[in-house]
Amino acid sequence: MTAPSIISPLSRRVLLLGGLAAGLSACSPFFSGGIPDGDVDAEGVTATFLPWVNDLRQGRGLSRLSASRACENAAIDQASRMALANRMNHITGSESVLARFKRMGLPLPAAENIAMQQRTPERAFQAWVNSPGHLKNMLGNYSHIGVARAVSPNSGNTPFWAMCLSQ
């Protein structure tokens with residue numbers, strides 16, 4: 001499986017080769033089939049989410065997270081894959097989450113939050129806060145964060161969100 005080519009840290013066009021819930025999943029089953037070809041518009045949005053996550057953590061006496069390029073790239077990769085497939089799932093194609101984290105160079109342990117259909121960053125963040133599994137990840141023993149949003153004509157330009165957290 002070929003990793004997406006990332007052109008710039010902001011909005012980018014990515015070509016990739018080959019959910020359970022209507023908008024939110026803490027863990028979902030295997031998604032069979034390959035990742036379809038197509039165009040996807042993906043962007044890193046870590047700077048938007050970082051203060052919100054850090055305020056949430058600080059309110060519970062936890063250490064602050066710092067932005068990570070590796071985490072953001074992993075989030076861009078996952079959000080792009082979901083947008084191209086028009087399906088929210090942690091497992092894309094035949095690649096496991098652990099294999100993807102390793103391929104993307106994420107220090108382990110690591111965690112991932114995903115969502116779809118939230119039209120704004122605020123709504124995506126609130127959906128994760130309202131979900132016990134996603135909230136647990138945001139409050140976990142991690143040091144770094146990266147967040148991305150992706151849309152694709154394959155998915156009718158539905159927003160797909162991914163957050164990666166790591167040591």
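This is a predicted model: local features need pLDDT of at least 70, side-chain atom pairs count only at pLDDT 80 or more; totals for chains, interfaces and linings use all residues.
Let me start with phenylalanine 160, which, leaving aside its neighbours within four places in sequence, is in contact (heavy atoms within 4.5 Å) with Ala79, Met82, Ala83, Asn86, Arg87, Met88, Ala115, Met116, Ala148, Arg149, Ala150 and Ser155. Residues are numbered from 1 along each chain as its sequence is written, and side-chain values use heavy atoms, with hydrogens and water left out.

On confidence, pLDDT is the predictor's confidence in each residue, from 0 to 100; its mean over the protein is 79, and 77% of the residues reach 70 or more. Over residues 1-34 the pLDDT stays under 50, and for that stretch the model has 98 contacts beyond four places in sequence.

As for the overall layout, the protein has five helices and seven strands, where helices (H or I, at least four residues) and strands (E, at least two) are DSSP runs, numbered from the N terminus. Read along the sequence, the pattern is β-β-β-α-β-α-α-β-α-α-β-β. Of the 167 residues, 50% are buried, and here buried means under 20% relative accessible area, exposed over 50%, and partly exposed in between, with a 1.4 Å probe and protein chains only.

That brings me back to Phe160, which is one of the residues with the most contacts inside the largest nonpolar core, a group of 21 residues, along with Met88, Leu106, Ala150 and Cys164. By nonpolar core I mean a set of buried Ala, Val, Leu, Ile, Met, Phe, Trp, Tyr and Cys residues joined through side-chain atoms within 4.5 Å. The elements that give two or more residues to this core are strand E3 (38-44), helix H2 (69-85), strand E5 (110-116), strand E6 (144-151) and strand E7 (160-166). H2 supplies the largest share, eight residues. There is also a second, separate core of 20 residues, which includes Val53, Leu65, Trp128 and Met163.

Let me stay with H2 for a moment, a helix that is mostly covered, with 15 of its 17 residues buried. At the start of H2, a side-chain oxygen of serine 68 reaches to within 3.3 Å of the backbone nitrogen of alanine 70. After H2 comes asparagine 86, whose phi is positive, near 55°. Alanine 83 has its C-alpha atom 9.7 Å from that of glycine 38, although the two are 45 residues apart along the chain. Glycine 38 itself is found in strand E3 and is buried, with a relative accessible area of 15%.

Now the cysteines: how many disulfides are there? A disulfide is a pair of cysteine sulfur atoms within 2.5 Å, and by this rule the count comes to zero. The sulfur closest to that of cysteine 71 belongs to cysteine 164 and is 6.1 Å away, so the two are too far apart for a bond. Cysteine 71 counts as buried because its relative accessibility is 0%, and cysteine 164 likewise counts as buried at 0%.

Finally, a few points in the loops. The peptide bond from leucine 108 to proline 109 is cis, with omega near 5°, and proline 109 is found in the loop between helix H3 (97-103) and E5. Glutamine 117, in the loop between E5 and helix H4 (121-129), has phi near 80°, a positive value in a residue other than glycine, and glutamine 117 is partly exposed, with a relative accessible area of 40%.

In the loop between E6 and E7 we find asparagine 157, which has a positive phi of about 60° although it is not a glycine, and which is partly exposed, with a relative accessible area of 40%. Is threonine 158, in turn, buried or exposed? Threonine 158, whose place is in the loop between E6 and E7, is buried, with a relative accessible area of 14%. Not counting residues up to four places away in sequence, threonine 158 touches Met116, Gln117, Arg119, Ala150 and Val151.

Key. A polar contact is a pair of N or O atoms within 3.5 Å; within protein, one must be able to donate a hydrogen and the other to accept it, and residues adjacent in sequence count only if both atoms are side-chain atoms.
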